[in-house]
Amino acid sequence: MKDSAIYTENKSEDAYNQLISEDDNELRIEEHPHLGHPDTRHKVVNGPSSQTYRLTAVILGILCTVLMSTIIGLCISYKGLSEKHIVMSQNSSETNRNLEQLKANYDLLTAALVKVQKNFQEEVSAKDSMQIERDRERKRKELLQTQTEALMNEQKNLQADITMKEKSCSRCPMGWVLLQSSCYGFSDTDQVLSWNLGREECKKAGADLAVIDSQEKQEFIQGILMGKRRSSTSWHLNGYWIGLHDVHTEGEWKWVDGTDLTKGFWFDGEPNDNYSAEDCAATYPKETPLKTWNDAPCDFPLKWICEIKLQEP
Ligand code: 2F8
Ligand code: CA
């Protein structure tokens, strides 16, 4: 009742109150006429607005609390993150150190690998050199073996020659060699003649060109020729006429004693009657003792072999 009377007394104050309480959420100030000084006549009235303030204050308090909690939480999180960051930084430093170490190790290993590769290459080169040297030695050994065999053959031939000469001393002319019942004479090393002139020379010595009609004779004569061989001259200049020809009929080879050829000791591909001009046979010093004959032009200058057939005692 009292409050409402005051309200009606002064409408202008209403308006004033209206001004300062434009909504329900603001303070409402009322003037009390009996309360002394006009400045002290205003009093704060608790109404619905006060509650709102309190609510607001509570909410603000809560908000402040939430805000504080959030800030504290954020601080804690930040601290945690900072620690994590520090740990991660430390880890990163550790990782960097490890990486540096790994790089250093990698460089060391690369250097070691390069060294190993270099050593390997050197080993391979050394092995190759040894291989080359070994091949060279092998070839040298083979050459020495070949030379030794050749020397042994020569020695054998010389020995055979000496034996023949000793045996034939009493039955053959000087310098001739005996085989079975024949003496064989070889022309001087430097003298060469046609087939006919060579035969003439044999006849002058009571002989004829040699008839080589057995493997034994062939091998015997071949052994002697190998002892006389001159390797520097071309093979076809180093031949010896023998008593065989096909002068009368091409391809019909006859010995000077009138017998037909039954077994020849021709080179491969011979006789070939080269240029249709080769009708006389010669034998040559060759490594293949059963393939030493060739047909050549009868007027070609060659050495010759004579034969004296001894009378059987
Ligand atoms: O190639 C075989 C051939 O060699 C020489 O002629 C290039 C011989 N000639 C002489 O001995 C004169 C051929 O008789 C022989 O067939
Ligand atoms: Ca020929």
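This is a predicted model: local features need pLDDT of at least 70, side-chain atom pairs count only at pLDDT 80 or more; totals for chains, interfaces and linings use all residues.
Are Cys 172 and Cys 183 buried or exposed? Both of these cysteines are buried.

**View 1. The whole chain, with its 5 helices and 10 strands.** The protein has 313 residues, of which 26% count as buried. Its accessible surface comes to about 21,700 Å², and carbon and sulfur atoms hold 58% of that area. Among contacts with a separation of 6 or more, 67% are between residues 24 or more positions apart.

**View 2. The disulfide between Cys 172 and Cys 183.** A disulfide is a covalent bond between the sulfur atoms of two cysteines. The sulfur atoms of Cys 172 and Cys 183 are 1.9 Å apart. The torsion about their S-S bond is about -80°, so this disulfide is left-handed. Cys 172 sits in the loop between helix H3 (48–168) and strand E3 (177–179), while Cys 183 belongs to strand E4 (residues 182–186), so the bond ties together parts that are 11 residues apart in sequence. The protein has 3 disulfides by the rule applied here. With the bonded cysteines numbered in sequence order, the pairing reads 1-2, 3-6, 4-5.

**View 3. The disulfide between Cys 202 and Cys 306.** The S to S distance in this pair is 1.9 Å. The link is left-handed, with -80° about the S-S bond. Cys 202 lies in helix H4 and Cys 306 in strand E10, so the pair ties together parts that are 104 residues apart in sequence. Cys 202 counts as buried because its relative accessibility is 0%. Cys 306 is also buried, with a relative accessible area of 4%.

**View 4. The disulfide between Cys 280 and Cys 298.** Here the sulfur atoms lie 1.9 Å from each other. The torsion about the S-S bond is about 95°, so the disulfide of Cys 280 and Cys 298 is right-handed. The pair links distant parts of the chain, with Cys 280 in strand E8 and Cys 298 in the loop between E9 and E10, 18 residues apart. Cys 280 is buried, its relative accessible area being 0%.

**View 5. Helix H4 and the strands it packs against.** Helix H4 covers residues 195–204, and its buried residues are Trp 195, Gly 198, Arg 199 and Cys 202. Seen down the helix axis, these buried residues fall within an arc of 100°, so they line one face of H4. They pack against strand E5 (208–209), strand E6 (240–245), strand E8 (280–283) and strand E10 (303–309). Just after the helix, Gly 206 takes a positive phi of about 75°.

**View 6. The largest nonpolar core, which has 42 residues.** In soluble globular proteins, nonpolar side chains tend to be buried together. The residues with the most contacts inside this core are Tyr 184, Phe 186, Trp 241 and Ile 305. Elements giving two or more residues to the core are E3, E4, H4, helix H5 (215–228), E6, E8, E9 and E10. Leaving aside residues up to four places away in sequence, the residues that Tyr 184 touches include Trp 176, Leu 179, Val 211, Phe 220, Ile 305 and Cys 306.

**View 7. The calcium ion (ligand 2) and its protein donors.** The donors are Glu 270 (OE), Asn 272 (OD1), Glu 278 (OE), Asn 294 (OD1), Asp 295 (O) and Asp 295 (OD), at 2.3 to 2.6 Å from the ion. Along the chain, the donors follow the spacing E-x1-N-x5-E-x15-N-D. Glu 278, in the loop between strand E7 (254–255) and E8, and Asp 295, in strand E9 (residues 293–296), are 17 residues apart and link distant parts of the chain. Both Glu 278 and Asp 295 are buried.

View 8. A cis peptide bond, with omega about 0°, joins Glu 270 and Pro 271. Tyr 275 has a positive phi of about 55°, although it is not a glycine. Tyr 275 is exposed, with a relative accessible area of 77%.

**View 9. Gln 180 in the loop between E3 and E4.** Gln 180 is not a glycine, yet has a positive phi of about 50°. Its relative accessibility is 45%, so Gln 180 counts as partly exposed.

Notes
Residues are numbered from 1 along each chain as its sequence is written. Chains are lettered from A and ligands numbered from 1 in the order in which they are written. Side-chain values use heavy atoms; hydrogens and water are left out. Buried means under 20% relative accessible area, exposed over 50%, partly exposed in between (1.4 Å probe, protein chains only). Helices (H or I, at least four residues) and strands (E, at least two) are DSSP runs, numbered from the N terminus. The arc is that of the directions from the helix axis to the C-beta atoms. Contact means heavy atoms within 4.5 Å. Donors are N, O and S atoms within 2.8 Å of the metal (3.2 Å for Na, K and Ca); water is not among the atoms, so sites may look incomplete. A disulfide is a pair of cysteine sulfur atoms within 2.5 Å. A nonpolar core is a set of buried Ala, Val, Leu, Ile, Met, Phe, Trp, Tyr and Cys residues joined through side-chain atoms within 4.5 Å. Accessible areas come from the Shrake-Rupley method with a 1.4 Å probe; for residues, only the protein chains shown count as cover.
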